[in-house]
Structure formats: structure tokens, C-alpha cells
Amino acid sequence: MDHDVPNRCIEPTLVLRAEPFPWLNVALFIATGFTTLVVGTVMMAAWEQDLSAAPGGTLQKILRNPAELFRGLPFSIAILSILLAHEMGHYLTCRYYGISATLPYFIPFPSLIGTLGAFIRIRSPFHDRGSLLEVGIAGPVAGFV
């Protein structure tokens, strides 16, 4: 053993990358919340008026009184909760296995339910078939729960 060299202990260092704030994800979530809110309000107006309300009339009513949007809140919360749970199931399972993935991107669209859904982008390959299976099944299980 060489006594001239001081005894140095090399400590491992953890390098954390500063991830930028996910502005796009937040903006798309808010936009999807708005589109589902409008669709929920139109659906509620149609249901309350025995399906005789025209969507154009409801939209004009919303523009005159934006507080009408609160009528669509239950629908919007239900749709967004299911989508968020589903995508977070995929995302958190990716994190568990050390697979690089983005936060969910929501797709606002003025359709029958106000959205085209959501997705995450998986950036790294899966380690094995087991992790692929678990990431794939985690979304539907979380959405169902």
C-alpha cells in the first residue's frame, strides 16, 4: 500500500437536468378543459330543453353570459379525470421503469366530446417485454379505477 498518496474517497455525484416548465402541456390541458366545458354546457342545455336546443343558440347564450359554462363542469371534470388518470398511468409506470417519457399532451378539438384524447411521448426504448406490457396496461387500469 502506498502511503504517499492521500486516502481520497470518490463520492458519486448526481447530475440533475433542469427540465423546463411544460408550458405546452399546460396550455393544451387548459384548452381541452375549455372545449370539453363548452361541449358539456351544450349537452346540458339540450338535455334540459328536451333535446330541442340548437347548439348555435346555446353558444350565443354562453357568449352573452359566460357563467353558463359552469353547467358543463361535471362533464368536463369527468372526461378530463378519465384522460388524466389513463395517461398518468402510462407516464408513472414509465418513470418506475426508468423509461424517458413526456407528460401528457391533451388534444382539444370541438367534437362530440370536446377532445381527441391525450398521449405521452416515450423517448427511450423499453428494457424488456415485461416493462412494455406493464406500461401498456397501466393506462387502461388507471383510467378504469
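How many residues does helix 4 have, and what distance does helix 4 reach from its first C-alpha to its last? The views below begin with the whole chain and then come to that helix.

**View 1. The whole protein in a predicted model.** Because this is a predicted model, local features need pLDDT of at least 70 and side-chain atom pairs count only at pLDDT 80 or more, while totals for chains, interfaces and linings use all residues. Residues are numbered from 1 along each chain as its sequence is written, and side-chain values use heavy atoms, with hydrogens and water left out. You will find 4 helices and 2 strands here, in the order α-α-α-β-β-α from the N terminus; helices (H or I, at least four residues) and strands (E, at least two) are DSSP runs, numbered from the N terminus. Of the 145 residues, 31% count as buried, that is, under 20% relative accessible area with a 1.4 Å probe, counting protein chains only.

**View 2. Helix 4 from end to end.** Helix 4 covers residues 129–144, so 16 residues, and reaches 23 Å from first to last C-alpha, close to the 22 Å expected at 1.5 Å a residue (the expected span is 1.5 Å times one less than the number of residues). At A138 the helix bends by about 30°, and the proline P140 follows within four residues; the bend is the angle between axes fitted to the seven residues ending there and the seven starting there. At the start of the helix, a side-chain oxygen of D128 comes to within 3.3 Å of the backbone nitrogen of G130.

**View 3. The buried side of helix 4.** S131, V135, A138, G139 and G143 are the buried residues of this helix. They pack against helix 3 (73–96).

**View 4. The largest nonpolar core.** This core has 6 residues: Y91, C94, I99, A101, I120 and V135. A nonpolar core is a set of buried Ala, Val, Leu, Ile, Met, Phe, Trp, Tyr and Cys residues joined through side-chain atoms within 4.5 Å. Leaving aside neighbours within four places in sequence, C94 is in contact (heavy atoms within 4.5 Å) with I99, A101, I120, I122 and V135.

**View 5. T102 in its loop.** T102 sits in the loop between helix 3 and strand 1 (105–108). Why does T102 count as buried? T102 counts as buried because its relative accessibility is 5%. A polar atom of the T102 side chain lies 2.9 Å from the backbone nitrogen of R121. Not counting residues up to four places away in sequence, T102 touches Y91, I120, R121 and R123.

Terms used
Buried means under 20% relative accessible area, exposed over 50%, partly exposed in between (1.4 Å probe, protein chains only). A polar contact is a pair of N or O atoms within 3.5 Å; within protein, one must be able to donate a hydrogen and the other to accept it, and residues adjacent in sequence count only if both atoms are side-chain atoms.
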